[in-house]
Amino acid sequence: MFHYGRRQRVFDEPYTRLLLGFLILPFFVSAVYGNYKGMLISLLVPAILISGLYIKSIMNKQLFNRAMDLACVCSLLCFAVALGQKWFFYGENPSYRPESLCMNANYYGMLIEFVILIAVYRMVTNPKRLWAYLAIVGVNLIGLYLCASLSALFATCCGLFVFLLLKKKYKLAAVFFVVTALFVGANFIYPLLIPRVESIDISFGQRFSIWETAMKGIRQHPLLGQGPMSYSIICGPFGGYKTFHCHNLIFDVLLNYGVIGAGVFFFYGLQKLHLIVRRFKRGISKNMNALVLALLTAVLAHGMTDVTIFWIQTAMLFFLIYSSVGTVSEEERRGQASPLPLPDYALDLNAKTAYAVKNS
């Protein structure tokens, strides 16, 4: 963050100055409302963002695939820890949900959904090790069952379905959809197939209480919110269910950063999504873009009932996967890919550089 050359690579990213400039405000907003955790997190969020965008600026295809393989290998260690935790606590609490190396089981669940998507992506890009990646998927599905995160299970299914559609595996996508539907239906006969499904009513009751409380807080400070982790401050005065966040990504952003902050995030995200879709349509690093789009689908699906992306481990793995948008494909290097037209402020620095090299 303090190295000029590295920091400049991040600031050269279109609209990043706008986003980072806005992220200065939440620190002071948190201070005004006595949100001391929010003040600390307001320093952490730009650090994560700058680190993630720097990784994107230096990423290449070989490094990216090695990083994805490393994530798959690391997931085995996480599973071993989770298995040990389940074994250790099972006697006194059979319903214990292992959290592995995370703060709670839901964060571990999101890491699992990311790793499963990565493994499927590597099946496509490295078919020689198909069985190894299938084993990674199998181990992490067991880990998902142990941590019993229904939101992560739903998000994983959504992400996999979108990935198959983007790869034009329509028959396989249809089979996956039918098998998933049958699996959900079979749970009514054998409830143990999906853990914690019997507690859905209780979970959603808690979430409705959280969302109602969040709406009260949003109406109280609609423009700039009250800083990160605002829900933990307002839940007491408003009599809501006590927890750390809103358990909904949209409500959490509105409560923490207000309508202005949500508008900045939405504008920035829309520009990047526009770039990814255009790269995908023009055949530039198509497999990587399919992975990123599937990842975004999983994050949004999980974000309907939780805000697990809002943490160091999950956010940094997200940025590691997102960094593939900064790679230049072989087609671009050879001048065979259809170039993205300039000028276009939504283009990232690497795409502009590739365009200039091809047309010099």
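## Helix α7 and its surroundings

In this predicted model, helix α7 is followed by Ala148, a residue whose phi is positive, near 55°. The helix itself covers residues 130-147, a run of 18 residues. From the first C-alpha to the last, α7 reaches 26 Å, close to the 26 Å expected at 1.5 Å a residue.

The buried residues of α7 are Tyr133, Ile136, Val137, Asn140, Gly143, Leu144, Leu146 and Cys147. An α-helix has 3.6 residues a turn, so residues three or four places apart point the same way. The packing partners of the buried residues in α7 are the helices α5 (61-90), α6 (105-125) and α8 (150-166).

The model contains three salt bridges. One of them joins the side chains of Lys56 and Glu13, with an N to O distance of 3.1 Å. Lys56 belongs to helix α4 (residues 36-58) and Glu13 to the loop between α1 (4-11) and α2 (16-22), so this pair ties together parts that are 43 residues apart in sequence. Lys56 counts as buried at 2% relative accessibility, and Glu13 counts as buried at 6%.

Glu13 also meets Lys272 in a salt bridge, at 2.9 Å from N to O. This pair links distant parts of the chain, with Lys272 in helix α12 (residues 249-281) and Glu13 in the loop between α1 and α2, 259 residues apart. Lys272 and Glu13 are both buried.

Another salt bridge is formed by Asp69 and Arg122, whose closest N and O atoms are 2.9 Å apart. Asp69 lies in helix α5 and Arg122 in helix α6, so the pair ties together parts that are 53 residues apart in sequence. Asp69 counts as buried at 19% relative accessibility, while Arg122 is buried with a relative accessible area of 6%. Helices α5 and α6 are also among the elements against which the buried residues of α7 pack.

The cut-off applied to a pair of cysteine sulfur atoms is 2.5 Å. The closest cysteine sulfur to Cys102 is in turn that of Cys78.

Both residues of this pair fall in the buried class: Cys78 has 15% relative accessibility, and Cys102 has 10%. A further cysteine, Cys147, is listed with the buried residues of α7.

Note on methods
Residues numbered from 1 in each chain as written. Predicted model: local features only at pLDDT ≥ 70, side-chain atom pairs only at ≥ 80, totals over all residues. Heavy atoms only, no water. Helix = DSSP H or I, 4+ residues; strand = E, 2+ residues; numbered from the N terminus. Expected span 1.5 Å × (residues − 1). Buried < 20%, exposed > 50% of the residue type's maximum accessible area, 1.4 Å probe, protein only. Contact = heavy atoms within 4.5 Å. Salt bridge = Lys/Arg side-chain N within 4 Å of Asp/Glu carboxyl O.
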